[in-house]
Amino acid sequence: MAEETIRVEALVIGAGPGGYVAGIRLGQLKKKAMVVERDKPGGICLNVGCIPSKALINAAKYYDKFRHGADIGILADNIRLDMAKMQTWKGEVVHKLTSGVRILLKANGCDYRTGSAKLLSRNTVELTEASGKTTIQADNIIVATGSRPIEIPGFAFDGQRIVDSTGALDFPAVPEQFVVIGGGYIGIEIGTLYAKLGSRVTVVEALPAILPGNDPEIVQVVARKLKKLGVEVMTGAKAKSWTEKGGRAVVTIDVGGKEASLEEVGVKVERGFITVDRRLRTNVPGIYAIGDVAGQPMLAHKASREAEVAAEVIAGHRSEFDVRCIPAVIFSDPEVASAGITAEEATAKGRKVRIGKFPFVALGRAIANADTDGFVKVVIDADSKEVLGIHVVGNGASDIIAEAALAIEMGALADDISLTIHAHPTLPEAIMEAAKASLGEAIHIQNR
């Protein structure tokens, strides 16, 4: 039987937050498109990353609050945790979202196939499905294959004692002791989650501080809460090896994507990432790359925006990935969110800055929530008053950072925020108050 050949105007390899969005946008632009995914629609983010982790983090937050409700007059005895049921609920959340991906692609006229794709030439792909092989001729190809966890030497994943972030979100029971190697945002999120569920957690970070790249003052707030939760944080420490002993893993600590087939058709790959320009084009005409595989920051929302740009470029639009900031969120406790640059980064660029800071302990909504850890910091240009960066540490940071991103994207001045009436009592008032503080016009704290 002859191998089937399909012709499309655009083929998207990968159906994560970049790939499926590209497929939807291509369909909207009336392009004959196909999305190919070898695993499940939604990619790492929807299936084993962003969504399931936030579901468990939210559940752990509820559990922790119920256990400590006496402070606000809620008394409960014998609060129990059913981890199996929690995992079932997490799976339902994931299924609800991933099943919607295929529906959206179909609704927008984009074909979807499950299988493995191999680039044979700049416009030819071999698709291997359960039913056999298909040749796809595509005028344009978008590579959206994502990323995968690296293995640390001496800590090969075995799915039992040593797991990656995916495995850590799928435990059938809460581990009594839990070592997290790496104090970046994923490590801190997972470590905090299990500390709240009852694990004794140790975080091992090779660098001098956890959450590298974040404002040190913000990191201090998170570090204090980790200590309060009983999490041991070891910085300047390297995990060297592990052995099985007494039914558990004993860790020795020293204190002190598809590149082959891409390179075959000439696509430039540097340090594991595909090189692209602002229109997401690789060095090979007709081949584009988006999302994690196209470089940092490795964030789902960055991938989705790149997907729209690539689809629009293929459709002949004059689109570019031209943004002033990409907001970032860490779902630690308290949460961390940032948009724009820090005061230190601005100073290094030769800008004079002014800083406005407003603590949640002075904010009515935070007090009413009995959750006052953290603050909002607004960084502005001392001369023009342009908002350069907004950084938040505090629960609710993930929900209010969008205002910060909008302000920076539109080139807002501190006055634009400070003169905007914010509803009361709400957490976003802290952004307004911090903007006022940067101008020396704070109302609910003393100006410095």
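This report walks through a sheet, the helices beside it and one further helix in a predicted model.

## The five-stranded sheet

Let's start with the strands. Five of them form an open sheet, in the order S15-S16-S19-S18-S17, and their pairing is antiparallel. At the edges sit strand S15 (328-330) and strand S17 (353-359), each with pairing on one side only. On average, neighbouring strands here are turned by 10° against each other, direction ignored.

For a closer look, take strand S16 (residues 336-340) and strand S19 (residues 387-393), an antiparallel pair joined over five bridges. Val336, for instance, has Val393 in S19 as its bridge partner. As background, the strands of a sheet pair through backbone hydrogen bonds.

## Helices against the sheet

Helix H7 (residues 216-228) packs on this sheet, where it touches S16, S17, strand S18 (375-381) and S19. The direction of H7 makes about 10° with that of S19.

Another helix, H14 (residues 429-438), lies across S17, S18 and S19. Its direction runs at about 140° to S17.

## A look at helix H3

Now to helix H3, which covers residues 50-67 and has 18 residues. From first C-alpha to last, H3 reaches 26 Å, close to the 26 Å expected at 1.5 Å a residue.

Which residues of H3 are buried? They are Pro52, Ser53, Ala55, Leu56, Ile57, Ala59, Ala60, Tyr63 and Asp64. In an α-helix there are 3.6 residues a turn, so residues three or four places apart point the same way.

Note on methods: Residues numbered from 1 in each chain as written. Predicted model: local features only at pLDDT ≥ 70, side-chain atom pairs only at ≥ 80, totals over all residues. Heavy atoms only, no water. Pairing = 2+ DSSP bridges. Helix = DSSP H or I, 4+ residues; strand = E, 2+ residues; numbered from the N terminus. Axes fitted to C-alpha atoms, helices over the stretch in contact; angles between N-to-C directions. Contact = heavy atoms within 4.5 Å. Expected span 1.5 Å × (residues − 1). Buried < 20%, exposed > 50% of the residue type's maximum accessible area, 1.4 Å probe, protein only.
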